[in-house]
Amino acid sequence: MYSLIAISSIFLSCLITRTCKKEPVIFNSIFIIYLVWHLPLVLSIILPFSFPLREEENNFPYILFFLVMIHIIIFGGVYAWIKWYKSNRILFSTSQNTKREERLSPIYLIGAFSAPIILAIDNFLIKGVSISLDLSQNRDLATSTATLLSLIGVFLAGLCLYLLNWTLKKQSDKVQFNIFYLLPFIMTSIVITLTGNRQFLFLGVNFILFKSISIYRPKISHVIKWLLYIIAFSVPFGIGFQFLRQSALEGQQDIFIISIMKLTILNDHLLVNFLYSNKILLLPALYIYVYFGTQYDTLSATIRIIDENMPFTSLTLPVLYRRWNAFFNLPDQDAIVDMIYNQIESEYGIFPAIWNTMFAGIYLEGGILYIVIFSLLLCYIHFNLTNNYLNNKKNGTFNLIIFYMFMSFGIITIGTYEVPFFFLILQALISSMLINKNRRIERSLIDI
């Protein structure tokens, strides 16, 4: 059943993506989004593992539903392109004018360069994180308390992501690279990575990928090559990073993973003999399956097991929820997460903290109907952002990149769950509002 869903959805993805072939930015970005959202399903089919949450007969309607939601979200941008192209095909050129972007204020530079300093003071001097590779201990120390300095640091880390928009710039058909705007991100990534968190680094890589697509407007073959380079870096880095976080389990990681996840080796699978004859590949395959091959099964099981609604924003905007939950006498955010994990663990006896896409938090706050409403909202946002990009609106490219980042990161969790990404979205929203306000003022002055 999984194979049938995967083949049908991939075929539909190809048809939808093909309609944007004349616009490289939209075409390549949608290709990446579809690739990301189909990868877990494909991995769950081709890797010779299973675990208790994988119940194909019960899960396949949910998986089909999630993929339909993704197609609806993507179609918003595709429809905007179709409408725009029909109206502008005579003027259309594959080498469009350089998109107008907002001028960068010195305040952003000061804030971004302050981020690694503030985070270093908070983690290394106050919380006691060590400049070592004991990432497990460092992660415990870094997440032990949330201070005002921590909040300021992660807010400024969002500015580091914001600055990445200026690392590449196209002028007179030449691409200019400015490492100055990349430095805050590099320094902040080092600090955050030493605290046992790799998400910030991958967010930056994600941004640079979509930014490069918008600057170079490459062919699909070049994008695939870029993706292979990213995979060649991220897979060894991610697995090595996990080894460092589990240094006490050296030489026993495979046994540990199989135990806590209650994994089953499918002996009749075509790849079983290959993996067992190449032991060096078995452990990476286990990690890849646990992190990237279980999302849909975990999400489906979560919906089947947990039917009570959690407080609004507790799982989609925790940075805000943690500030008002006490005022409204709501449960602590960590307690909510623990309650969800405990229900999954008690039902299936497995380690419950597995990635389960952006839809999990949305469902747990409002149910299936909330997922439908949220998907329709994203479809509408995608339509408008694509329109702004195609009509060369100020910050049009930047805002569309953030949306594509949000969608690709959504295969792990909702982007607003990561605090720096939340502040990046907030900054983009504020910038867009200010631009629209200035335009209204300009129009008023013209009318006068």
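Modeller: In this predicted model, the side chains of Asp334 and Arg322 meet in a salt bridge, with N and O 3.9 Å apart. The pair links distant parts of the chain, since Asp334 belongs to helix α15 (residues 333-348) and Arg322 to helix α14 (residues 318-324), and the two are 12 residues apart. Buried means under 20% relative accessible area and exposed means over 50%, with partly exposed in between, so Asp334 at 44% counts as partly exposed, and Arg322 at 39% likewise counts as partly exposed.

This pair belongs to a set, for the structure holds 5 salt bridges. Another of them joins the side chains of Glu55 and Arg304, at 3.5 Å from N to O. Here too distant parts of the chain are linked: Glu55 sits in the loop between β1 (49-50) and α3 (56-88), Arg304 sits in helix α13 (residues 295-305), and 249 residues separate them. Glu55 is partly exposed, because its relative accessibility is 25%, and Arg304, with a relative accessible area of 27%, is partly exposed as well.

A further salt bridge is formed by Asp122 and Lys127, whose closest N and O atoms are 3.3 Å apart. With a relative accessibility of 1%, Asp122 counts as buried, and Lys127 is also buried, its relative accessible area being 12%.

Conventions: Residues are numbered from 1 along each chain as its sequence is written. This is a predicted model: local features need pLDDT of at least 70, side-chain atom pairs count only at pLDDT 80 or more; totals for chains, interfaces and linings use all residues. Side-chain values use heavy atoms; hydrogens and water are left out. A salt bridge is a side-chain nitrogen of Lys or Arg within 4 Å of a carboxyl oxygen of Asp or Glu. Helices (H or I, at least four residues) and strands (E, at least two) are DSSP runs, numbered from the N terminus. Buried means under 20% relative accessible area, exposed over 50%, partly exposed in between (1.4 Å probe, protein chains only).
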